[in-house]
Amino acid sequence: MKKNKQLDLYFDEIQTNEKEHKHLEFRSNIVVSAFLIIFLIISLRLVFLGFDKNIYIYSKNNEQLFYERRDVIDSNGILLAKNTASYDLILRKNKVKNIDSILIKVKINFPTVKINNVKSEYKNKEIIILKRNLSPSDYNKVISLGEPSLELSKKEMRVYPQKNLFSHILGKIDIDNNGISGFEMYYDKELRDTKKLSIPIKLSLKTNIQYLIHEELSKGIKDFSASGAAAILMEAHTGKIISMVSLPDVDGNDRKEIKEKKYLSKTTKSLYELGSVFKTFTIASAIDNKIIGKNDLFSDLRQRVYCGKFPIDEYRWDKSKKNLTVEQILVKSSNIGTIEIIKKNGLEAHQKFLENLEIFEMPKLEVVELSKPNKNRWGKCNTFTSGFGHGISTTLLQLTRAYASIVNGGELPNASILLNSEVQKRRVISEKTSQLMNDMLRANVDKKNKTEGSGRNADINGYFVIGKTGTAQKPSETEKGYSKEIVNIFASAFPHPKPKYVLTVLIDEPNGAPQIWKHSRREAGWNAVYIAGRIIQKIGPSLAINDLDLVKFHAAYSKYN
Amino acid sequence: MFKKYFISFFILFLGLASVHFLKNKTREIEIKTEKISKNIIFMQENIEVQKIEYGFLASPERISNLAKKYLSNDYIFLTSEYIKLNEKK
């Protein structure tokens, strides 16, 4: 049988084609599968990337604009304290190649850096702080040096733009931004409240008034060669403090440790016997108890009285001090007359009245530098002497509050430096007593009064100042009894008959000023009163800007309207 | 059959491409926002520093010193009238 070769060939061809086709199909399947797998992988990756949120955001912005402590501003919005960015210069040991050349560069650019200290620290520490709180020029020097081992470390710094002005009130913070004194310490928690960092704390203080009082007190210290001075200006009806100055003081931006006693706050921390200013309270108590009247006469007053063995003398006694009305006892500042009033009022009533004025309580104010006055055991003699402010001590702040209650209609306000704090006050004397006291205190300052009052040097025309002086010897620091040094006070208010402002001025250890008075007397009438007058003259126009009542009282108003 | 797959893949691919287009655009906007936010913070920080500087420059002590240095005594005309009123006995 003959084979059909052609058919075979054809069959072979078909067979070969089928094989090749299968082979091709297999290969194309592999390629397509590979493509599909790659496509699926890419697609899946794309899906994942599509759902991934953060990968493309190159940095999440978590920077905070506000610093760790809130700003503090005065009642006019002027900045008193603020945190800002600051830089420290540090030396990083592991980046140092040649320590000597670096130290030479540091010495040339930052002469205040103590190289010997750096050398000793270099042996033990990895990071050495060379200089804190760099100035802008120092910052630029570090940048231009370009030394890798010299680094800038960013931190926060508290700045007090008004320098000395509020240093006793605001206090200070440490390098970790914690309050360590003054308002900064008392209000630390509120100042660091993270939810309120953008909201400044508003104080009742006024920078312009603070400056004027600061300036006048500084001049007063020079004029009377005093060791220090202090003043408080308070709103009589609210207890809000407008100004509180204690001298000497320090720049709040200066980070030095203060140890000297003279820098203690003379307004809230130092305790003083405040002298005859207390006669105001003695008389107010007796009038309020309806024991005496303004014109009641005390006759046959002696030069000296005895309490047991102890003599109590009249100050500068003359015949004119023999028969005195209540007003004259205040104006002539009669110690013996005051004792007679206490006898008439009753010792217990007098003691209770002083306690009711919170003279012996811990003062309340938003600062930490406060002192609790020592409460005496009441005896007969110290009750008598307390009538003219001897034998009892308190702070200038407590005196200012008590004085506010006498002149404002009879309500004792709580002192505060916070503008928006709640006003708290309670009645201590009647309105009528307050009005009578104001009239008598005006008589002590009025230049037209024939009985020349000790406060007449503060009778600034147009402000109708009222007030009472006090001169007290300071207790000796070395031995028992009193020293020769004195402290003088003038507690004043204006304008009469409805005072809105209480101003108390204290001069510590003053001397006579013959260049002003042509004599060397050093009682309060010749220094504290004079300074208070100058202060009222200067601050009056500033206070009147937002106070139409005060404007109407001024002489200029009646002249031009 | 192939047509169905092709359409499905095409829609899937188109969807993915759209997502990524939007994603890229969002990223660009986010970068711009980020830069603007940083600029705002930088400017605000500058304002805070300026506030401190203003506090120093406008302090009563400095103004008083400048007034003493550059202003004549009769510059504030009200002062003389005011002194007269206060000295009136």
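**Figure 1. A:Pro497 lies in a loop of chain A, between β15 and β16.** The model is predicted. The peptide bond that joins A:His496 and A:Pro497 is cis. Its omega is about 15°.

**Figure 2. The peptide bond from A:Phe494 to A:Pro495 is cis.** Omega here is near -5°. A:Pro495 is found in the loop between β15 and β16 of chain A. Strand β15 covers 482-494. Strand β16 covers 501-508. A:Pro497 lies in the loop between β15 and β16 too.

**Figure 3. A:Ser225 has a positive phi and is not a glycine.** The phi value is about 45°. Is A:Ser225 buried or exposed? A:Ser225 counts as exposed, because it has 12 C-beta neighbours inside 10 Å and the exposed class takes in residues with 12 or fewer.

**Figure 4. A:Phe464 has a positive phi, although it is not a glycine.** Phi is about 45°. In chain A, A:Phe464 lies in the loop between α15 and β14. Helix α15 covers 431-445, and strand β14 covers 466-475. How many C-beta neighbours does A:Phe464 have inside 10 Å? There are 21. A:Phe464 therefore counts as buried, since the buried class starts at 20 or more.

Notes. Residues numbered from 1 in each chain as written. Chains lettered and ligands numbered in written order. Predicted model: local features only at pLDDT ≥ 70, side-chain atom pairs only at ≥ 80, totals over all residues. Helix = DSSP H or I, 4+ residues; strand = E, 2+ residues; numbered from the N terminus.
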